[in-house]
Amino acid sequence: MNGGNAIGSILLVNAGRSTSFRAVKKHIQLLEERFGDEIKNIFGIQTSALTVNEASYLVGFRTADEIRNRCVKAEKETTKRLLSKNYSS
């Protein structure tokens with residue numbers, strides 16, 4: 001449209017509890033203090049790029065190891081769910 005070329009697309013959804021998208025500054029500061037660069041190391045994004053729902057969820061973890069363990073558990077649960085539907089991950 002209008003002579004432009006699309007080079008990619010993304011889909012943004014907000015199915016979380018909060019209608020806001022931007023994380024609360026207090027949560028971002030707490031996560032940065034508590035985890036340093038670990039959130040970037042684990043998820044590949046800066047802590048300041050988290051949505052309100054992501055930041056609110058991660059505030060509940062006390063250590064980076066707890067986050068890593070939950071990621072492993074979630075991956076296993078997803079794989080199990082997909083296999084039960086005859087999908088492979």
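**Exercise 1.** Where does Thr51 lie relative to helix H2 (38-43) and helix H3 (52-58)? Then work out whether Thr51 is buried or exposed.

*Solution.* Keep in mind that this is a predicted model. Start with the position: Thr51 sits in the loop between the two helices, H2 and H3. Next, check the surface. The relative accessible area of Thr51 is 13%, and buried means under 20%, so Thr51 is buried. Finally, look for contacts beyond four places in sequence: Thr51 touches Phe21 and Ala23.

**Exercise 2.** Take Thr47 and find which residues Thr47 contacts, leaving aside neighbours within four places in sequence.

*Solution.* Locate Thr47 first, in the loop between H2 and H3. Its relative accessibility is 5%, so Thr47 counts as buried. Now go through the partners: Thr47 is in contact with Ile28, Leu31, Glu32, Gly36 and Ile39.

**Exercise 3.** Find the aromatic pair and describe how its rings are arranged.

*Solution.* The count comes to 1 aromatic pair. That pair is Tyr57 and Phe61, with 5.2 Å centre to centre and 75 degrees between the planes. Over 60 degrees counts as edge-to-face, and that is how this pair is classed.

**Exercise 4.** Check the span of helix H4 (residues 64-84) against the expected value.

*Solution.* Count the residues: H4 has 21. At 1.5 Å a residue, the expected span is 30 Å. From first C-alpha to last, H4 reaches 30 Å, close to that expectation.

Notes: Residues numbered from 1 in each chain as written. Predicted model: local features only at pLDDT ≥ 70, side-chain atom pairs only at ≥ 80, totals over all residues. Heavy atoms only, no water. Helix = DSSP H or I, 4+ residues; strand = E, 2+ residues; numbered from the N terminus. Buried < 20%, exposed > 50% of the residue type's maximum accessible area, 1.4 Å probe, protein only. Contact = heavy atoms within 4.5 Å. Phe/Tyr/Trp six-rings, centres within 6.5 Å; stacked < 30°, edge-to-face > 60°. Expected span 1.5 Å × (residues − 1).
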